[in-house]
Amino acid sequence: MINDSQKDLLKEYINVFVGKAANMLSEMANQRILLRVPEIEILNMQNDDKFSWPTDGLFSYGHIISSSMKFGRDFSGRALLIFPASKAKLLVDACLGEIDSDDLQPDSSQLADTDFDVLKEISNVILNCVIGEFGNLLGVKLDFTLPDVEVVFVSEAEQQLYLKNSVHILMFYTAFTLEKAKLDGVILMVLGMNSLNMLLTKIDNILGELND
Amino acid sequence: MISLPIDILDKLSMGLILLNQKQEILLWNHWMENKTQFDSKSVFGKAFSEVCPRFQETKYKKVIETVIETGEGRFLSGALHGSFFHHFSSDSYILPTIQNLQIEQIVFEDHCLILIQVNDITSQYHTVHQMKSFIKSLEIENEEIRQAELEARKLAVHDALTGLPNRTNFMNHLTKMIRIQHNSFNGAAVIFLDIDNFKIVNDSYGHSVGDALLQIAAERLKASIRKSDMVARLSGDEFALLIYNVNSRDNIISVANKIMAQFSTPFIIGKLQLSVTCSFGISIYPFDGADAVTLLHQADTALYRVKNDKKADYQFYCPYEHDDDLKPNKMVPTDTIAIK
């Protein structure tokens with residue numbers, strides 16, 4: 001599906017995209033954010049019945065916070081920002097300036113309605129940035145929706161159902177490290193075959209230009 | 001498709017604002033009129049940033065500009081940004097209100113417009129804040145109770161003077177060790193130790209010196225055993241040690257020599273320099289007893305044999321040398337301590 005050269009170039013672009021998103025998050029959280037170079041995978045849900053998430057620990061079954069946003073026109077799909085629910089409160093508190101270093105293991109059940117609003121804005125900023133950068137890379141204009149934020153309990157069996165209708169998923173996972181808390185997150189872009197081909201064609205073109 | 005009358009926008013229980021690309025107000029619905037001091041006629045055609053001054057700040061200007069340029073939607077949460085519009089009461093008092101804003105681009109008859117949806121979350125925000133404060137106070141209270149319980153539990157099983165486990169704690173560990181090691185080949189040693197002529201130190205220099213001596217002795221005993229072993233203060237000048245995983249007598253002799261070595265250097269307490277010795281008896285599990293009480297008793301028996309002999313020494317419990325004349329109540333310490 002994707003060769004090493006395509007993967008490397010895509011990784012480089014995504015690193016820049018996620019870096020820009022991290023800068024915006026840094027402004028919101030009002031603290032420095034360190035970013036791990038993202039790992040990327042293209043997953044095919046149909047051909048792999050024994051699908052398992054490549055991010056051990058992060059995506060073990062349990063509660064997760066999932067924000068999803070649709071984007072469309074020529075390059076279309078759904079983008080999701082996912083991280084463990086137990087860490088969501090840390091991120092919210094950091095953005096609200098309420099982080100308490102003595103309380104780094106908050107319970108996700110403490111997330112209040114207004115905390116979900118903050119998570120919605122965080123997801124909005126990060127996903128807008130990443131999707132927008134993909135649009136710029138492909139030179140296409142995209143339509144955006146606003147994200148829906150939900151707490152999802154994902155059992156082992158439901159990991160597949162959660163994304164059942166998707167054929168191909170471009171998945172990049174990274175770790176944002178805030179000054180006072182470590183936050184692992186996954187960004188998924190669920191793409192149809194046409195959109196994925198469009199992206200890989202663009203990557204091939206750039207690789208061709210580089211080789212010329 | 002039916003065409004909806006514009007009045008329907010005034011029936012909505014949320015604010016709607018429509019801007020053109022120059023960010024001039026085209027629509028200001030009835031909800032917005034109610035929640036601000038502006039009516040729709042007075043704001044029509046005005047710059048949005050003039051009516052909502054927070055949008056003169058660079059970061060909010062940039063939000064609208066980005067929505068116009070890229071078509072992306074932006075959500076601004078009231079919890080994060082606070083109030084965008086002030087609510088004026090009938091007597092013109094400004095009431096603090098908090099709103100969520102949703103800013104999106106819409107295309108209408110070839111015109112690119114900006115739709116701003118405004119949701120008042122003031123009461124929700126205050127409820128959440130009250131709830132958060134309540135949870136925080138509960139957490140603090142809970143932590144205080146937890147700390148008090150920990151402290152009480154620690155006091156119940158620890159000696160306040162030396163910080164060492166007390167007799168109850170020692171006996172629990174010894175009983176647990178026997179239960180775990182039952183059917184295994186691992187042995188263990190129980191050492192019953194007391195400080196020679198401690199009463200004379202107390203009588204001569206007072207209890208504060210006696211207490212300081214016990215504290216130093218506790219530290220020295222800890223230094224002579226492994227972290228996995230245990231030392232406890234039973235009472236007065238009596239200490240007990242539990243040495244795990246003993247394979248031979250040599251293991252115990254090695255520990256005994258370390259204890260002796262620890263007591264070979266003088267105890268410095270203020271300006272005093274006291275040469276103090278200790279005596280102890282040793283029993284070995286499983287040979288000298290199969291329960292905690294017996295093992296401690298046999299170590300105690302061995303100790304009193306030492307005390308009756310020459311002190312400053314140790315002995316292993318020996319069942320065949322038991323002598324009724326050496327019972328504790330017949331022992332009278334007479335030696336004096338050496339004071340430099």
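Me: In which sense do β3(B) and β6(B) pair?
Reply: This is a predicted model. Three bridges link β3(B) and β6(B). B:F75 stands opposite B:Q102 in β6(B). The sense of the β3(B) and β6(B) pairing is antiparallel.

Me: Which are the edge strands of the open sheet in chain B?
Reply: The five strands run in the order β2-β1-β7-β6-β3. An edge strand here pairs on one side only. That applies to β2 (25-28) and β3 of chain B.

Me: Which helix of chain A packs on the sheet, and at what angle to β3(B)?
Reply: The helix touches β3 and β6 of chain B. From chain B itself, α5 (residues 58-70) also packs on the sheet, at about 30 degrees to β6(B). The helix from chain A is α3(A), and its direction makes about 150 degrees with that of β3(B).

Me: Which element supplies the largest share of the side of chain B that touches chain A?
Reply: The contact takes 20 residues from chain B and 19 residues from chain A. On the chain B side, β3 (74-76), α6 (78-81), β6 (99-108) and α7 (122-157) each supply at least two residues. Nine residues of that side are nonpolar, eight polar and three charged. The largest share, six residues, comes from α7(B).

Terms used
Residues numbered from 1 in each chain as written. Chains lettered and ligands numbered in written order. Predicted model: local features only at pLDDT ≥ 70, side-chain atom pairs only at ≥ 80, totals over all residues. Contact = placed C-beta atoms within 7 Å. Helix = DSSP H or I, 4+ residues; strand = E, 2+ residues; numbered from the N terminus. Nonpolar A, V, L, I, M, F, W, Y, C, P; charged D, E, K, R; others polar. Pairing = 2+ DSSP bridges. Axes fitted to C-alpha atoms, helices over the stretch in contact; angles between N-to-C directions.
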